[in-house]
Each structure stands twice: as C-alpha cells, then as structure tokens.
Amino acid sequence: MSAPRRLFQALLAICTVGLLAGCERPPIDTVQTGYRGTAMEQIYNPRTLAAQASLNAAPAVIPAASDEGPKAREVYQNVQVLGDLSVGAFTRHMLSITQWVSPQEGCAYCHNVANFADDSKYTKIVARKMIVMTQTVNANWKTHVAESGVTCYTCHRGNPVPAEVWYKPADRKNPQSLMGDMAGQNIAAKSVAYSSLPNDPFSPYLLDALPIRVNGLEAMAQSGAQANRASTKQTEHTWGLMMHMSKSMGVNCTYCHNTRNMQSWEQLPRTSAWHGIRMTRELNNEHLVPLTSTFPAQRLGPMGDVAKVNCATCHQGAYKPLYGAAMAKDHPELLTLGPKVASLGTSLPETTRSALQSGAGSSDKAGEQASGVDQLTATMTATMTATPPAILANRELARNQAVKVGDTLLAADASQGKVMLEKPLPAIAANLAGGDPAARQAEVKVK
Ligand code: HEC
Ligand code: HEC
Ligand code: HEC
Ligand code: HEC
C-alpha cells in the first residue's frame, strides 16, 4: 500500500471513531406522545435519565421557626428586605440560603463575621438583590413557575455561581475575511447543543426582545399582509434558541410543537415556554444587568457583561426544575415581595464600612448577635451533616407518560443503575383509534 493511501485510511479510521464517539450509546427508548405514525415521540436514554435524577433531588427543608417574638428589623441593624420576619424565621432563612448557595464556605461567603450588619462583601449585596429576584419569580411569574415556585437552590444547587449561566461570546466579526460576520456559526457551541447554529441565541431573545417567530402565515406568500419577511439568518437564530430550550429541558421539539405545524399552540408546554422566555428576559434585564458594577471583574464575561440566566439555569436538564418539586411552599418569605424593594442599592456603601471601623452600633445588639450566631452555626452544621439530600417528596403527576419516567426513576433511587424501561406493546396494538391513553404508557421496572 502506498504511503498516502495508508495515511488516508488511517485518517478515515480516526474520523469514523470520532464520529461514533459523538453518538449516544444504545439502548435508546422512545415513548409515543401523539397519534401513531406521526413521529410524535419523546426519545430517552435511560442512562442519561438516571444521571439526571440524582442531580435533581430537592434539598432537605430546615424545620419552620416560630413567627412569635421580635422582628428582625428590631433586633438587627441592616435588614432591608426581610425585616418583617421574626428573628427565628430570619435565622432559618440565613441557614437555608447558606445551605443553598454556599454550603462549603458558610456564613462568611456573604458576611464579615465580625459584624454581620456590614455590607462590604459584594456577595451580600448580590444576595439581597437575589432575595428580591426570587420573590419576584414566585409572586409575579406564576404563569411560568405555577405553585412549584423557586428558591435559591433551583439555580444554585449548592454552588455560589450556578452551574448554567451565560455571557455574550467574544466578538468574532472579521471584516478582513471573505466570510465576514459569521454570526457565531460553525463552532459547535454548547449554547446550541453542539449544533453549528449561531452560538449566541440568548442576546437577541433573552436580553433583547427580537421576534422569535419566523414561519409565514400562508404558504409561499411573498407579498401582501401575510408575506414572510423572516430571513434565513433570523431563522437560524430561532433554531439556536430552540436547541437550547430542548437541551436544557431534556425534551425533543415535539414536546412543544406538533411538527406538522410549528406555529400552532396546541401543545400546552409551548405556552409555558412562551412565559418562560419573557420571565427569563425580565430576570436578566431587571435583576442581573443592574448588578454588573457590583461584581468583581473576574466574574464578568469576555465582553464585560454579568453572568445571566437562561432556561438551563433553573431546568438543568429536567422538563420541570427538580422534576416539579414544590420548592417555594416551605419558604413563605420568598413568596411575596417585601415593601422596600425599589430603594435597594447595588454598590458597596462607604458609610457602612466607616461605621464598622469606628465601632458604631449598639453593643447590646452586637453581643446578642455574636452569641446567636454561634448557636446558629452549630444548628446549621448539625442540620447539614445529619440530613442527606432527601429524595424529593413533592411530585405532581407529570403531564404525559413520557415525563413520568423521570419521576419514577427518582422514586426508585435511580443511582442504583438497575432501571429498565419497557413499553406495553399489547396496549399499543389494541389502540387502533389512537385515543387510548394506555397506548402511551411506558413501564419503568427496577431490577
Ligand atoms: C448568600 C449570602 C448570605 C449568607 C451565606 C448568609 N447571609 Fe446573613 N445576610 C445576607 C443578607 C443579604 C442579609 C441582609 C438581609 C436584608 O437586608 O433583608 C443578611 C443579614 C444577616 C444578619 C443581620 C445583620 C444585621 O445586623 O443587619 C445576620 C445576623 C445574619 N445575616 C446572619 C447570618 C448567619 C449566621 C449566616 C450563616 C448561617 C448567614 N447570615 C449567611 C446574606 C447572607
Ligand atoms: C434564577 C436563578 C437564580 C436564583 C433563583 C438565585 N440566583 Fe443567585 N445568582 C444567579 C446568577 C445567574 C448569578 C450570577 C453568577 C455570578 O456570580 O457570576 C448569581 C449570583 C449569586 C451570588 C454571587 C456569587 C458569586 O460568588 O459571585 C450570590 C451570593 C447569590 N447569587 C445568592 C443568591 C441567593 C441568596 C438566592 C436566593 C434568595 C439566589 N441567589 C437565587 C442566579 C440565581
Ligand atoms: C419548551 C418548548 C419548546 C421546545 C422544546 C421547542 N420549541 Fe420551538 N417554540 C417554542 C415557543 C414558545 C415559540 C414561540 C416563541 C415566541 O413567540 O416568543 C417557538 C417558536 C418556534 C419556531 C417559530 C414558529 C413560528 O410561529 O414562526 C420554530 C420554527 C421552532 N420553534 C422550532 C423548534 C425546533 C426545531 C425545536 C427543536 C429543536 C423546538 N422548536 C423546540 C417552544 C418550544
Ligand atoms: C427561574 C427558574 C426558571 C427559568 C429561568 C425557566 N424556568 Fe421553566 N419552569 C420553572 C419551574 C419552577 C417550572 C415548573 C412549573 C410547574 O410546576 O408547573 C417550569 C416549567 C416549565 C415548562 C412546563 C413543563 C411542563 O411539562 O408543563 C416549560 C415548557 C418550561 N418551563 C420552559 C422553559 C423555557 C423554555 C425557559 C427558558 C426560556 C424556562 N423554562 C426558564 C422554572 C424556570
């Protein structure tokens, strides 16, 4: 064999292995969600689902504290959002956010522990804004989060920086090149599930409000009121966002669209997603962007922008975050917006810092605080070491059979890796009319 030919064969072998490595290893399971023969199916990989299940368990809830006794604002010096809580409920909240956001680092992640009233750490200022942001989601976006609601844990999952955030990618415009502005295409970006679509589908839709819809309302209409003016490039951006949405929820396009007619709203999750897009946009513009100057430079992206939220920040691969666990119900302080929201600062106040240096603040309060804090920290350590993250207690019935699979895996402690998915074929065969819900069932067996 000639040398070039051998080289060619070697390259071919490498490419083949490379291509196969990108595929998911079988078995893959599909669950029918529409009429037979319409290809309305959700495709699952049982191994990925099992890995997902352990990532999506809700954390243990710290027992509720009494509402009796003095209010936090009467006892502490610098409580701007949660002042109406009893000291007990306030303390429970501090323990909870430590568990949700900085379990490794503890109270000191946000606090100067010599003076808890001090606002000199940026993390505390961000956290105060985040309390308001979380309240806003639960109070104003029930159209999306329903009664499940969110807590800090929904996004943070025990990490100070949530695992899934986005920044604007570095500018790749190259006017010298024949290619011109490639709109971030052909780089197999994670943001668009490794497709070659434009790698920033977020700035136009989850920050700006450019139109997402690209389908014409009438076939082939080139002029008149029904003409479709969306360009191929706009369409590619829409598809980029759709790849992200599907990937971050662990679903296929058919979860929200009947692919015979992409613009139809017949599938309910599509309406939830519509609200989700608007909610995410608001979180970015009204809560995160205003914090840009509060964050230190190393927390900003290549274009100097703050880390922002997308669908994956909350969903993290699940059709509902934490498979629909009712996150907020045990935390009434996160369900409604407090009164003093508008006046909250985003910068580190000089006054607090100089007050701290001159030892201001009543010594009674300081003493009360110090002993309280020791007690708190002890309770916190006990709670957090004694209770392993509970397998989620509150599950609602999933909207269709397909997504129930995730719940069942959770209940069965899928980390054991012994879960089998089976479809009852007789039920499908019996279902000639297509209307029998049993035909859409998948059986999950733990072996
Ligand atoms: C993720 C950030 C964060 C963590 C972690 C945190 N706190 Fe706080 N803490 C805050 C914020 C924000 C405030 C102000 C709340 C407000 O303005 O309503 C606050 C206020 C306080 C206050 C009131 C101080 C005063 O006099 O104004 C105390 C006491 C306190 N925290 C104790 C704790 C303890 C104890 C822990 C650890 C168990 C803790 N915090 C963990 C963010 C945090
Ligand atoms: C919708 C998702 C979401 C929720 C809910 C949320 N956060 Fe955040 N949080 C973020 C994002 C995005 C950032 C920016 C990441 C970064 O720090 O660069 C962030 C950053 C922070 C930081 C700064 C961490 C650092 O080291 O830079 C703190 C502290 C924080 N959040 C506390 C909280 C607290 C406390 C709550 C609940 C009251 C909460 N967050 C709820 C998304 C969320
Ligand atoms: C979680 C639900 C959801 C999933 C999954 C989803 N979409 Fe969408 N899709 C939407 C919503 C909502 C809109 C409309 C957005 C708006 O108007 O703000 C939309 C719009 C579209 C449009 C434009 C339709 C029109 O009326 O012009 C196309 C095309 C599209 N999606 C394709 C896809 C493809 C392809 C996939 C799979 C890669 C997908 N979608 C996955 C919810 C979804
Ligand atoms: C702040 C956290 C958060 C963000 C960000 C978020 N979601 Fe959700 N989403 C939720 C919660 C919580 C639920 C569960 C609501 C319920 O119990 O019905 C949910 C439910 C949904 C559902 C309904 C699923 C079903 O089977 O009924 C869809 C669809 C959805 N989200 C799509 C999206 C899309 C698309 C985005 C990004 C544009 C997004 N979400 C961003 C928290 C979030």
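Close-up 1. The expected span is 1.5 Å times one less than the number of residues; helices are DSSP runs (H or I, at least four residues) numbered from the N terminus. Among the buried residues of helix 5 are Ile125, Val126, Arg128 and Lys129 (buried: 20 or more other C-beta atoms within 10 Å of the residue's own, with C-beta atoms placed from the backbone). The buried residues pack against helix 6 (142-145), helix 7 (152-156) and helix 10 (268-288) (contact: C-beta atoms, placed from the backbone, within 7 Å).

**Close-up 2. The shell around ligand 1.** Of the 29 residues around ligand 1, Tyr76, Val81, Cys107, Cys110 and Ala117 come nearest (a residue counts if its C-beta atom, placed from the backbone, lies within 6 Å). Helix 4 (87-101), helix 5 and helix 13 (363-386) each give two or more residues to this shell. The shell holds 17 nonpolar, ten polar and two charged residues (nonpolar: Ala, Val, Leu, Ile, Met, Phe, Trp, Tyr, Cys and Pro; charged: Asp, Glu, Lys and Arg; polar: the others, Gly among them).

**Close-up 3. The shell around ligand 4.** Ligand 4 is surrounded by 25 residues, with Ala146, Ser148, Gly276, Cys311 and Cys314 the closest. Helix 10 provides the largest share, six residues. By type, 14 residues are nonpolar, nine polar and two charged.

Residues are numbered from 1 along each chain as its sequence is written, while chains are lettered from A and ligands numbered from 1 in the order in which they are written. In this predicted model, local features need pLDDT of at least 70 and side-chain atom pairs count only at pLDDT 80 or more, whereas totals for chains, interfaces and linings use all residues.

Key: A residue is buried if 20 or more other C-beta atoms lie within 10 Å of its own, exposed if 12 or fewer, and partly exposed in between; C-beta atoms are placed from the backbone. Two residues are in contact if their C-beta atoms, placed from the backbone, lie within 7 Å.
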